[in-house]
Amino acid sequence: MVMSNMPNQSLPDYSLSPEQVPLVGSLALDDTERSRLKAQIAEKLEAQGAALIAHYYVDGDIQDLAEQTGGFVSDSLEMARFGRDHKAENLVVAGVRFMGETAKILSPEKRVFMPTLQAECSLDLGCPPEDFAQFIQAHPDHTVVVYANTSAKVKAQADWVVTSSCALEIVASLKAKGEKILWAPDKHLGAYIQSQTQADMLLWSGACVVHEEFKAKALTDLQRVYPDAGVLVHPESPASVIEIADAVGSTSAIIRAAKELPNETFIVATDRGIFHKLRRENPGKTFIEAPTAGDGATCRSCAHCPWMAMNELRNLDRLLTDASYRAGNEIHVEPKLGLRAKMPLDRMLAFQA
Ligand code: 13P
Ligand code: SF4
């Protein structure tokens, strides 16, 4: 039996090279323009009967708009559930492409749009479906568990889809049934789940370009400056960073922990978009970004997902205003592929119901 908490040695490294990661950068809007755009977007969402579903990492104004217009802000698991259950015929997903695709797979009858389809994810990009098919073929006796941060073509090859909100419980239940697991694409999350469940797991070698940059040494140095701070870590981070955490979990688990733990200060190792919600919900507490190796000037490795940052008020407004832009940013999933990809997603949602 192969027991490994290390990435499968026979696989190439599927981490992205720096050239494959776009630079973060957007034009700042003044307050008047922001208010004007927000009011216009809210009106158009209502007029078009569209629900806005946003992830915690996107621009704070977009998160606010989602909540103010009857949409939703959440982690990736609850975004999927909300999109599936909402009666709107049009969904606007502000996040990254796999989130829009998931919404479409779960509700093929709805039209799903995104402010830009260029909003990718390094984990999705680092798991080419054809290579993944070979990995599965080489290990036919394994149950295939894929992270939600994958394309429809990868999900369509899986037995289970999981997010970081439910991965531990689902893998633990598979282990209890004696199943061996083939895991993709995040090697850090996979290693974390393996360490917690002792499941027999073969790991793909992808990584999140944001979380992989958090550094344990710099984090322990920062703890010396803030000795009373709690440390909250998303499990896409390296093991050395997870080891230091007071709480490890999905974006929603991090938000919960910030409320429940008694600390007044927290160092947070996840995308800095989450600070909007953390500060709103905990006005008396202080939140500090965990250190990365980034040099800030290029922001290649600062704690902000360059693809999440592509969701802006301007392209959201354009999506709702300009029909040809909207047509170019609608999610399409081939129906047969979507039906196959829906099966492991339905399993996940039923498991966590
Ligand atoms: P959550 O499922 O925790 O929201 O995470 C999604 C993600 O992309 C984290 O980088
Ligand atoms: Fe993907 Fe990382 Fe961005 Fe999340 S933060 S969407 S895992 S690249």
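User: What makes the set that contains L52 and L232 a nonpolar core?

Analyst: A nonpolar core is a set of buried Ala, Val, Leu, Ile, Met, Phe, Trp, Tyr and Cys residues joined through C-beta atoms within 7 Å. The largest such set here has 107 residues, and within that set L52 and L232 touch the most other members. In soluble globular proteins, nonpolar side chains tend to be buried together. The model is predicted: local features require pLDDT of at least 70 and side-chain atom pairs pLDDT 80 or more, whereas totals for chains, interfaces and linings use all residues. Residues are numbered from 1 along each chain as its sequence is written, and chains are lettered from A and ligands numbered from 1 in the order in which they are written.

User: Which residues are in contact with L52, leaving aside neighbours within four places in sequence?

Analyst: Contact requires that the C-beta atoms of two residues, placed from the backbone, lie within 7 Å. With that exclusion, L52 is in contact with L45, L65, A66, T69, G71, V92 and A94.

User: Why is E101 called buried?

Analyst: A residue is buried if 20 or more other C-beta atoms lie within 10 Å of its own, exposed if 12 or fewer, and partly exposed in between, with C-beta atoms placed from the backbone. E101 has 26 other C-beta atoms within 10 Å and is therefore buried. This residue lies in helix 4, and S151, A152, I331 and V333 are its contacts once neighbours within four places in sequence are left aside. Over the protein, 48% of the 353 residues count as buried.

User: How do you know that the overall dimensions agree with a compact globule?

Analyst: The radius of gyration is taken over C-alpha atoms, and the globule rule is 2.2 Å times the number of residues to the power 0.38. For 353 residues a compact globule would have a value near 20 Å; the protein has 20 Å, so the two agree. The C-alpha trace spans about 60 × 55 × 40 Å along its principal axes.

User: What makes strand 2 and strand 4 edge strands of their sheet?

Analyst: Helices (H or I, at least four residues) and strands (E, at least two) are DSSP runs numbered from the N terminus, and two strands pair if DSSP finds at least two bridges between them. The open sheet of 4 strands has the order 2-1-3-4, with parallel pairing. Strand 2 (72-74) and strand 4 (111-113) each have a single partner strand, so one side of each lacks a neighbour in the sheet.

User: Why is the crossing of helix 3 and helix 4 called right-handed?

Analyst: A crossing is right-handed if the near helix is turned clockwise from the far one by less than a right angle, and left-handed if anticlockwise. Axes are lines fitted to C-alpha atoms, for helices over the stretch in contact, and angles run from 0 to 180 degrees between N-to-C directions. The axes of helix 3 (residues 76-85) and helix 4 (residues 97-106) come within 9 Å and cross at roughly 35°; the crossing is right-handed.
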